Amino acid sequence: MAQLKLNFRSVTTLIVDRDRYTRSLIAQMLRGFGVGGIEAVDSGEAAMKYVQEHFVDLLIVEADLPDMSGSDFIRWIRREQKEPLRFVPILVLSGYTQMRMISTVRDAGANIVVKKPVSAQMLFDRVGWMARTPRAYIETGDYV
């Protein structure tokens with residue numbers, strides 16, 4: 001049986017990370033996977049403003065933002081009244097993966113936590129895992 005290929009061209013992603021280098025590196029990896037729309041911001045407040053004005057298919061969020069915790073931002077997303085936004089897949093990046101932090105972001109509503117530094121293969125595997133939902137498109141443009 002042929003394996004389905006994920007088509008990320010129409011996927012819009014918001015990267016929320018305090019570090020410009022990390023934002024750039026993650027964006028380059030996503031472009032390499034074929035992700036079409038990539039935006040990046042450096043704070044939770046900027047991310048809140050962005051998602052209120054734009055649609056996103058995927059959020060990649062640092063666990064420790066400069067103005068709030070990643071878990072506070074995720075809780076806000078999960079409680080947001082805009083229905084598609086409440087259900088957006090959220091990948092959390094963190095340099096520290098203590099069980100307490102993982103539990104906190106998981107309980108806030110994160111889909112997955114990835115330890116920094118992240119490799120392109122690990123990011124692709126995790127994004128691919130999250131993409132295997134009804135919103136992911138296969139090569140033909142049909143819903144999975």
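Start by selecting Arg18: it is partly exposed, because its relative accessibility is 41% (the partly exposed band lies between buried, under 20% relative accessible area, and exposed, over 50%, with a 1.4 Å probe and protein chains only). A word on what's loaded: this is a predicted model, where local features need pLDDT of at least 70, side-chain atom pairs count only at pLDDT 80 or more, and totals for chains, interfaces and linings use all residues. Residues are numbered from 1 along each chain as its sequence is written, and side-chain values use heavy atoms, with hydrogens and water left out.

**Stop 1: around Arg18**

The partners sit 46 residues apart: Arg18 is in the loop between strand S2 (12-16) and H1, and Asp64 is in the loop between strand S4 (58-62) and helix H3 (70-79). Helices here are DSSP runs of H or I with at least four residues, strands are E runs of at least two, and both are numbered from the N terminus. Now widen the selection to Asp17, Glu62 and Lys116, which join Arg18 and Asp64 in a network of salt bridges.

**Stop 2: along H3**

Pick Asp72 and Arg75 next. Both lie in helix H3, 3 residues apart, about one turn of the helix, and their closest N and O atoms are 2.9 Å apart in a salt bridge. Asp72 is partly exposed at 39% relative accessibility, and Arg75 is partly exposed too, at 26%.

**Stop 3: Arg106 and Asp107**

Here the side chains make another salt bridge, 2.9 Å from N to O. Arg106 counts as partly exposed at 48%, while Asp107 counts as exposed at 57%. The whole structure has 6 salt bridges.

**Stop 4: H1 against H6**

Show helix H1 (residues 20-32) and helix H6 (residues 120-131): they pack at about 65°, with axes 10 Å apart. Which residues of H1 meet H6? They are Ile26, Met29 and Leu30, facing Ala120, Leu123 and Val127 in H6. That contact has 6 nonpolar residues and no polar or charged ones.

**Last stop: zoom out**

Colour by secondary structure and you get 6 helices and 7 strands, in the order β-β-α-β-α-β-α-α-β-α-β-α-β. Colour by accessibility instead, and buried residues make up 43% of the 144 in the chain.

Methods. Axes fitted to C-alpha atoms, helices over the stretch in contact; angles between N-to-C directions. Contact = heavy atoms within 4.5 Å. Nonpolar A, V, L, I, M, F, W, Y, C, P; charged D, E, K, R; others polar. Salt bridge = Lys/Arg side-chain N within 4 Å of Asp/Glu carboxyl O.
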